[in-house]
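Hi there,

Here is the structure I promised to pass on to you. Have a look at it first, and my notes follow just below.

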Amino acid sequence: MNEEDDNRLKKRKKKRLLGADRRKRLLRLKCYVQNYDWGVIGCDSQVARLFSLNSGSGTPDPRECYAEFWIGTHKSGPSFVVFGRDYNNAAAALGSNAVSLKDWISVDPGAVLGDKVARKWGGDLPFLFKVLSVEKALSIQAHPDKELARALHEAQPSIYKDDNHKPEMALALTGFEALCGFISSKELKGVLSSVPEIVELVQCGDAEKFSHDSGQDGKEKVKQLFESIFSQIMSSNKGIVREAICKLKRRLSFEKKKRQLSAKEQLILRLEGQYPADVGILATFFLNYVKLKPGEALYVGPNEPHAYISGECIECMATSDNVVRAGLTSKKRDVQALLSMLNYKQGFPEILQGVSLNEYTRKYAPPFDEFEVDRCILPQAASVSFPSVPGPSLFLVISGKGTIITGYSEESTLEEGEVLFVPAYMEVSITSGATELHMYRAGVNNRFFGDL
C-alpha cells in the first residue's frame, strides 16, 4: 500500500470513528484562552480559573493577563472534543489526537445541529460563547453588519478575519461597567454647557445650534448635528486632543476638592489613567455609562458604539471576531470606518433581567436569531431539566459539582470548569451535589425556530 492509499484509508476510518452515534453523544470540550492585555492578572481572573480547571494546565501564571475564555468553533480560538480512553487510543492510532468541535460537527451537521440550523448556518455553530475578565477598559468599538463585514473582510482579511456580523450580549457575573450607545440630546446639551474642553474642539456654530435646539428641527436634523459634533471630536488632531485632555484632567482634579464629581467624571479620570491623551476619553462623554448587577444583561446590535470597562461577564455573540476600533486602545484604529458605520441611535440601552423558566433558571433572549443564554443556579441537592430543542447547546459550569443525565440514559459527573456540547433534540437533567451549582447554557434563540 502506497502513502496516498494509506492516508485515504486513515481518512475513511477517522470519518467512521467520528460519525458514530452522533445524535446521542454528549461531548466534553477543552476550550481556548485569550491573554489580551486588558484582562485580569493571574488567579484573580475568573477566566484564568476556568481555563485552568478546563484544560488541566495547573496554577495560572501570576504575571499573565487572562481576558477571554472561548467556547465554540471560531478559527481564532476553537474548542476541541475530549473523548474517553477507548476513543483516544483509536484516534491516536490514526494519528489524530485532536478533534475540533467544528470537525465533529462537519461530518454530519444536520444530525448534530438540527436540520434547520444546518441549512441556515452550514457546518458551524452560529454562536460563540465566552467568559470575560476585564481589568482595563476595552476599546471604544462597533461591530459591522453583514454587508459591511463582507466588504471589510474582502479588503483587509488579516484584520477583519471573517465575513460575519457580530451582535452580542454581556451577562454580568460580578458588578460590570460598560459604555453603550449614544446619550440623549438633553444629556448632550448638558455636556456642551458644562464641559468647555469638548466645546473647544467643535465648530462654534454646531455647538450653539445643538444647545439652543427647541426640538422643532426634526429628529433627522438633530441626528445629523449630533453626528457632526461627535465626528469632529473623533477626528481632531492628536496634539489638540492631548491638550484638551490635559485641561480636562486639571479642571476635574481641582473641582474634586470642592465637590463630589459625577459618576461619568470619575470614570473619565480612571480612563485617563489607563489611556493618557486618548480621544476615547472625550468620546466617553457622548456614550451611556451602564452599571450592571450580577444577573443583568446588556445587548449590542451591529453598528452600535460600546466599550466594556471593568468586571466579569458571560458573553455570547454571533460567530465572528470583527471589531472596528476608534479609541481607548493601542491596536489599529479605523476612525473613519467607525464614524461612517454608526447608526447614531440615542437613548439608554435596554437592560435584560431574564425571564424565569423555573425556580432556578432564567432565560436571556436578545433580538438576534443566533443565540440566547440561560442562567441556572441550583441549590444543594436540587434538580432541573433542560428540554429537547431543535438546535445545539453549550453548557458551562462556573462553580459546584453535580451529575448530568441525557434522554438516552447516559449519566456522568459535572464539575466546575467543565464545558459540554449537547446536540439537537437531546434532553438533559442536572442534579447538584453537596454545594450550589452555578452554570450557563448557550443555544440558538427560540425565536429562530418559531413556536416550539
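Which residues does T403 touch, not counting residues up to four places away in sequence? They are E411, S412, T413, L414, S429, I430 and T431, where contact means heavy atoms within 4.5 Å.

Before I go on, a word on the ground rules. This is a predicted model, so local features need pLDDT of at least 70 and side-chain atom pairs count only at pLDDT 80 or more, while totals for chains, interfaces and linings use all residues. Residues are numbered from 1 along each chain as its sequence is written, and side-chain values use heavy atoms, with hydrogens and water left out.

Now the overall picture. The protein chain has 16 helices and 25 strands; these are DSSP runs numbered from the N terminus, with helices being H or I of at least four residues and strands E of at least two. The C-alpha trace spans about 80 × 55 × 50 Å along its principal axes. The radius of gyration is 24 Å, which agrees with the value near 22 Å that a compact globule of 452 residues would have (taken over C-alpha atoms, the rule being 2.2 Å times the number of residues to the power 0.38).

Of the 452 residues, 54% count as buried. Here buried means under 20% relative accessible area, exposed means over 50%, and partly exposed is in between, with a 1.4 Å probe and protein chains only. Among contacts between residues at least 6 apart in sequence, 77% join residues at least 24 apart.

Back to T403, which sits in strand β21 (residues 401-406) and counts as partly exposed at 26% relative accessibility.

Leaving aside neighbours within four places in sequence, the contacts of T431 include L378, A382, K401 and G402.

The side chains of K363 and D374 are joined by a polar contact of 2.9 Å. Beyond its neighbours within four places in sequence, K363 is in contact with several residues, including E372, R441 and N446.

Finally, two backbone points. Most residues other than glycine have a negative phi. L328 has a positive phi near 55°; this residue lies in the loop between β14 (324-327) and α15 (335-341) and is buried at 1% relative accessible area. Y344 likewise has a positive phi of about 55°. Y344 is placed in the loop between α15 and β15 (351-352), and counts as buried at 4% relative accessibility.

Best wishes

Note on methods:
A polar contact is a pair of N or O atoms within 3.5 Å; within protein, one must be able to donate a hydrogen and the other to accept it, and residues adjacent in sequence count only if both atoms are side-chain atoms.
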